[in-house]
Amino acid sequence: MNVTLPIASYWQKVLHPELARLTEPLQGWFFTIQSNGDLAVSLPALVLVGLTVGLLTGFFGVGGGFLMTPWLNVFFNVPYNVAVGTDLTQMVGTATMANLRQGGAGYVDFKLGFLLFGGSIFGVEIGARLVELLKAGGGFVVGGLRITVLQTVMTLVYGLLMGWIASLVFKEARAALRKEHQGATPVAMAAPVAGRLRTIHLRPLVSLPVSGVEAISLWVILGVGFFSGLLTGLLGVSGSFIRMPALIYVLGVPTVVSIGTNLFELLLTSLYGTLTHSVKGNVELVLVIILLAAGALGSQAGAALQRKFAHPRLQLAFAGVMFFTIGLMLLKLFR
Amino acid sequence: MGLWEWLLTISASSGGPGQPFTAQWQYVTAALVAPALIGALWAGIIILAERIFGLRLGGGGI
């Protein structure tokens, strides 16, 4: 059973005009490009991908956005601008769910959340405009193969970022395994950058009473918001892997407050990101609904499995999935 | 008109052929509201299931 994606079809024809003049439909792994250039994707495969990404997110706590965007491109041929916009829009749903679920705990520093959002809004907008620039960049021919600038740059940026995260997960899992086998204590990773950022006292300084922070430069908060927002707008990821350590180690926010504040800020950021990406036509509503419904179910299963089967070996496997995805992205670029 | 057809209709560009993509206001509104509604619905189901069955479920992270 196939589902036609109107937005993805539109941009596919813009980015690859040659696909609108096919003599016969083109078959991919889980998609079909019709002779008129319309993109139809397999519904069962889509549900399976939604469930899998949800499961991995529920199990490992991270990774949803990172895997979803490239997987949409690699498995379903969804152009990167649509994959990014769709993943970001889906985040509105997961952030709403997480905020409502964590609501009872009530540990949110709203002042910090709004200040971070002040930086994020610029980051998201610049990220979304960079995607527009890449979209308008057209393409080039290498060895008779037409490659778009959007596909090339996104593969490169995603590949580098995912490679970095995968190597961190790999190192952490290996250290945990070593500890398990030898009883050795893993060496704690120093955070020299965090320490240096903390000493910046560029005025104005703000106090965060809820977080117990007496004085911190406003520019540091805006900078953290801007950088994570840039990743959100450009790549469709939550940016929590930047924001959470920054909140804890750079700003000195207690972990329990940083969790709630991160979720609150993410809801605001994803709402703004959705607004700007939808105005630019980068959101596939059909995909959002299917992936969100399947992903929420998968994350429940992932969380339940994590309580029973959490083991460093599985973290190694997760790193393997990320490295494998990088390989698929490179393969996709040249075929 | 079913939900699916409606989604297809509002997802089309309101600009003419050959013109840059122009989003319809219903499309932008749906992009903002639909995921929030689904997320809230899921949160409601999870909270309800936890209260009825006395479980601790996931869904509090991103």
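**Helix 4 of chain A against helix 2 of chain B**

Helix 4 of chain A and helix 2 of chain B cross in a right-handed sense, where right-handed means that the near helix is turned clockwise from the far one by less than a right angle, and left-handed anticlockwise. This is a predicted model, in which local features need pLDDT of at least 70 and side-chain atom pairs count only at pLDDT 80 or more, whereas totals for chains, interfaces and linings use all residues. Residues are numbered from 1 along each chain as its sequence is written, while chains are lettered from A and ligands numbered from 1 in the order in which they are written.

Helix 4 (residues 80-102) of chain A packs on helix 2 of chain B at an angle of about 35°, and their axes are 7 Å apart; helices are DSSP runs of H or I with at least four residues, numbered from the N terminus, and axes are lines fitted to C-alpha atoms over the stretch in contact, with angles from 0 to 180 degrees between N-to-C directions. Among the residues that meet here are A:Gly93, A:Met97 and A:Arg101 from helix 4 of chain A, and B:Pro35, B:Gly39 and B:Trp42 from helix 2 of chain B, contact requiring C-beta atoms, placed from the backbone, within 7 Å. By class, the residues of this contact are twelve nonpolar, six polar and one charged (nonpolar: Ala, Val, Leu, Ile, Met, Phe, Trp, Tyr, Cys and Pro; charged: Asp, Glu, Lys and Arg; polar: the others, Gly among them).

The axes of helix 11 (residues 285-309) of chain A and helix 2 of chain B come within 10 Å and cross at roughly 15°, which makes the two helices roughly parallel (angles under 35 degrees; over 145 counts as roughly antiparallel, 65 to 115 as roughly perpendicular and the rest as oblique). The contact includes A:Leu285, A:Leu292 and A:Ala296 on helix 11 of chain A, and B:Ala30, B:Ala34 and B:Ile38 on helix 2 of chain B; its residues divide into twelve nonpolar, no polar and no charged.

Helix 10 (residues 255-279) of chain A packs on helix 2 of chain B at about 155°, with the axes 9 Å apart, and is therefore roughly antiparallel to helix 2 of chain B. The crossing of helix 10 of chain A with helix 2 of chain B is right-handed, and its contact includes A:Thr274 and A:Ser278 from chain A with B:Tyr27 and B:Val28 from chain B.

**The chain contact as a whole**

The contact takes 41 residues from chain A and 27 residues from chain B. On the chain B side, helix 2 (25-53) and helix 1 (3-11) each supply at least two residues, and helix 2 of chain B gives the largest share, 14 residues. That side of chain B has 20 nonpolar, seven polar and no charged residues.

Terms used. Contact = placed C-beta atoms within 7 Å.
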